[in-house]
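Hi,

Here is the structure I said I would pass on. Have a look at it first, and then read on for what turned up.

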Amino acid sequence: FEDFELIIVDDGSTDDTYAEVKRFLGAEPDRIRYYKLPHTGKIGKIRNYGNQRARGELIVVQDSDDISLPDRLSAIWEEYKRTGSQVIYHAVYWCFPIDGIILRKFKEAESYDKQRIIHTQYIPAHIAARKDCFLKVPYDEELQVSDDWLLLIEFALAGFTFHNLNRSLYVYWYSMDSVNITREREGKRRSDMQHITKLLRDKYNLKFTAETVQTENGEITKHEIIQ
């Protein structure tokens, strides 16, 4: 699949990201575009910046420490053309490095359920969606960990059509020093939930109760919609 562009948004990194990218820029000046921003650490802001500059019809989410399998773009494009759905999501492999061994777990792409996605993020974050969806409903720029979940909630509330492809096209690398895991340890998930709760109440007039649940990463608050 060759009809794609690669947009790299560098959030003020201090490693050799540009040196690596530069090796490909000369050969692919129209396909690969590189932007370096002052460091903010706001994932939503970085994603919105890239999405606004995308020239394609579909935007496919890719994190810097994960791997897209070789047929990911072609499979997504075929499903998009076949179904006409605005949002496409697929199964992923979760990989856990433990004592020099990599454990791989298949995470299926379960059928879409609007009410369920409001309650829990069961759809993987690494989706594909039409560019106009991302422009109409951009990522929240204040969240530290849960930006992808709120995006899915708002996509659902906006009435966008979802389609699941239960085929693994992506490798999610579970690292204990990743940004998400580090921020969860710092308690950012709890503050994110408070932000999401307020936004859903104020913007969509949703009503809910809250209960505290225990997770392996610590205590968080789960919200139950009672609309």
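Before the details, one cut-off: a residue is called buried when its relative accessible area is under 20%, exposed when that area is over 50%, and partly exposed in between. Keep in mind that this is a predicted model.

With that in hand, start with E5. Its relative accessibility is 22%, so E5 counts as partly exposed. R33 comes out at 16%, and therefore counts as buried. The side chains of these two, E5 and R33, meet in a salt bridge, with 2.8 Å from N to O.

Searching the whole structure gives 14 salt bridges. One of them is between D63 and R47, at 2.7 Å, N to O. Here too, distant parts of the chain are linked: D63 is in the loop between β3 (58-60) and β4 (67-68), and R47 is in helix α2 (residues 43-53), 16 residues apart.

Are the two partners buried or exposed? E79 is buried because its relative accessible area is 14%, whereas R82, at 59%, is exposed. Back to E5 and R33 for a moment: salt bridges with shared partners join E5, R33 and R55 into one network.

Next, the strands. β5 (residues 87-98) and β6 (residues 101-107) run antiparallel and are joined by seven bridges. F96 stands opposite L103 in β6. The two strands, β5 and β6, form a hairpin that leaves two residues between them, and D99 in the turn has a positive phi of about 50°.

As for where individual cysteines sit, C95 has 6% relative accessibility, so C95 counts as buried. C133 is at 1%, so C133 counts as buried too.

That's what I have for now.

Cheers

Definitions and conventions:
Residues numbered from 1 in each chain as written. Predicted model: local features only at pLDDT ≥ 70, side-chain atom pairs only at ≥ 80, totals over all residues. Heavy atoms only, no water. Buried < 20%, exposed > 50% of the residue type's maximum accessible area, 1.4 Å probe, protein only. Salt bridge = Lys/Arg side-chain N within 4 Å of Asp/Glu carboxyl O. Helix = DSSP H or I, 4+ residues; strand = E, 2+ residues; numbered from the N terminus. Pairing = 2+ DSSP bridges.
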